[in-house]
Amino acid sequence: MIIFRFIISILGFIYVSSMASEYIAVVQMKSSKYVVVDGVVNIWAVYSGVFILAYLIFYYFNSFKNKEPSSKQLNYAVLVSVLLIGPLFTLATYKMINSNLDNYVKCDSLNHWSSRYSSSTYAISNDICLNLVSDKNK
């Protein structure tokens, strides 16, 4: 059962890391016609997930060597990841993304707000916003 958990943790880490790399790509963008930026809670969840899954991989790897860490350590690692590390990375990323969007126009009609996901779309001009809206409605 530990092998299964270890493999699932590795696969989850790869998936969540790919999502985090998309945020890093948005931070490093030079010029693009439009950008879709996820909400703060979504970014927070991704960064927290990366650190939690990294610790779970370490936790299950130590279980293979019969040196299982205590569950108390696991609880502390999850709390630190969710309440300290995740928000710090989220705020830094969100601030860098917003500083790159100074010359962009917010496309209000393309914003997506729901209980599980939120995003905002920015374009370099109103014409591109209108083109994106018309493409969406097709």
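This is a predicted model: local features need pLDDT of at least 70, side-chain atom pairs count only at pLDDT 80 or more; totals for chains, interfaces and linings use all residues.
**View 1. Tyr55 and Phe58, a tilted aromatic pair.** The structure holds seven aromatic pairs; one of them joins Tyr55 and Phe58, whose rings are tilted, with 5.7 Å centre to centre and 50 degrees between the planes. Both residues lie in helix 2 (residues 40-64), where they are three residues apart, about one turn of the helix. An α-helix has 3.6 residues a turn, so residues three or four places apart point the same way.

**View 2. Tyr59 and Tyr60, an edge-to-face pair.** The rings of Tyr59 and Tyr60 form an aromatic pair in edge-to-face arrangement, at 5.6 Å centre to centre and with 75 degrees between the planes. Tyr59 is buried, and Tyr60 is buried as well.

**View 3. An aromatic cluster of four residues.** Tyr23, Tyr47, Phe51 and Phe89 together form one aromatic cluster.

**View 4. Helix 2 and the residue Asn66.** Helix 2 consists of 25 residues and reaches 36 Å from its first C-alpha to its last, which is close to the 36 Å expected at 1.5 Å a residue. The helix is followed by Asn66, a residue whose phi is positive, near 60 degrees.

Key
Residues are numbered from 1 along each chain as its sequence is written. Side-chain values use heavy atoms; hydrogens and water are left out. Rings of Phe, Tyr and Trp (its six-membered ring) pair if their centres lie within 6.5 Å; planes under 30 degrees apart count as stacked, over 60 as edge-to-face and the rest as tilted. Helices (H or I, at least four residues) and strands (E, at least two) are DSSP runs, numbered from the N terminus. Buried means under 20% relative accessible area, exposed over 50%, partly exposed in between (1.4 Å probe, protein chains only). The expected span of a helix is 1.5 Å times one less than its number of residues.
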